[in-house]
Amino acid sequence: MPKVEINSKVCKACELCILNCPKGVLALGKESNPSGYHYVTVVNQDACIACKMCAIACPDAAIEIYK
Ligand code: SF4
Ligand code: SF4
């Protein structure tokens, strides 16, 4: 099963990964990182198909997908 890993420290909460995920795996969280952004969290890990659209869309390379 694929695993989505978010580097919460560098996420700027731009939501591009959320908009590009076809499976609704990601969402903005309630916690904020040291820069004050409500960084993205994985809300539906089991639905991930490892397409990497989120990782490609992220301008800050904050997402890694492990197969
Ligand atoms: S790899 Fe694809 S399905 Fe998985 S979280 Fe990223 S965009 Fe969504
Ligand atoms: S695309 Fe990257 S920086 Fe933007 S919300 Fe997603 S993980 Fe954060």
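Modeller: The discussion below moves from the conventions to the fold, the core, selected residues and the ligands. This is a predicted model, in which local features need pLDDT of at least 70, side-chain atom pairs count only at pLDDT 80 or more, and totals for chains, interfaces and linings use all residues. Residues are numbered from 1 along each chain as its sequence is written, while chains are lettered from A and ligands numbered from 1 in the order in which they are written.

Biologist: How many helices and strands does the protein chain have?

Modeller: Helices (H or I, at least four residues) and strands (E, at least two) are DSSP runs, numbered from the N terminus. Here the protein chain has 2 helices and 4 strands. Read from the N terminus, their order is β-α-β-β-α-β.

Biologist: What radius of gyration does the protein chain have, and what would a compact globule have?

Modeller: The radius of gyration is taken over C-alpha atoms, and the globule rule is 2.2 Å times the number of residues to the power 0.38. For 67 residues, a compact globule would have a value near 11 Å, and the protein chain agrees with this, at 11 Å. Along the principal axes, the C-alpha atoms fill a box of roughly 30 × 20 × 20 Å.

Biologist: What share of the contacts joins residues 24 or more positions apart?

Modeller: Two residues are in contact if their C-beta atoms, placed from the backbone, lie within 7 Å. Among contacts in the protein chain with a separation of 6 or more, 58% are between residues 24 or more positions apart.

Biologist: What percentage of the residues of the protein chain counts as buried?

Modeller: A residue is buried if 20 or more other C-beta atoms lie within 10 Å of its own, exposed if 12 or fewer, and partly exposed in between, with C-beta atoms placed from the backbone. Of the 67 residues in the protein chain, 19% are buried.

Biologist: Which residues touch the most other members of the largest nonpolar core?

Modeller: A nonpolar core is a set of buried Ala, Val, Leu, Ile, Met, Phe, Trp, Tyr and Cys residues joined through C-beta atoms within 7 Å. The largest such core has 13 residues, and Cys17, Leu26, Cys54 and Ile63 touch the most other members.

Biologist: Let us take Ile63 as an example. Why is Ile63 classed as buried?

Modeller: Ile63 is buried because 23 other C-beta atoms lie within 10 Å. Ile63 belongs to strand 4, which spans 63–66. Apart from neighbours within four places in sequence, Ile63 is in contact with Val4, Ile6, Cys17, Cys54, Ala55 and Cys58. With Val4, the sequence separation is 59 residues, whereas the C-alpha atoms of Ile63 and Val4 are 7.1 Å apart.

Biologist: Where do Ala55 and Leu16 lie?

Modeller: Ala55 is in helix 2 and is partly exposed, since 17 other C-beta atoms lie within 10 Å. Beyond four places in sequence, Ala55 touches Ile63, Glu64 and Ile65. Leu16 is in helix 1, which covers residues 16–20, and Leu16 is partly exposed with 17 C-beta neighbours inside 10 Å. Its contacts, again leaving aside neighbours within four places, are Ala57, Cys58 and Pro59.

Biologist: Which residues come nearest to ligand 1, and which to ligand 2?

Modeller: A residue is near a molecule if its C-beta atom, placed from the backbone, lies within 6 Å of it. Ligand 1 has 14 residues around it, of which Cys21, Val25, Cys48, Cys51 and Cys54 come nearest. Around ligand 2 there are 14 residues, and Cys11, Cys14, Cys17, Cys58 and Ala62 come nearest.

Biologist: How do the two shells divide by class?

Modeller: Ala, Val, Leu, Ile, Met, Phe, Trp, Tyr, Cys and Pro count as nonpolar, Asp, Glu, Lys and Arg as charged, and the others, Gly among them, as polar. The shell of ligand 1 comprises 11 nonpolar, 1 polar and 2 charged residues. The shell of ligand 2 has 11 nonpolar, no polar and 3 charged residues.
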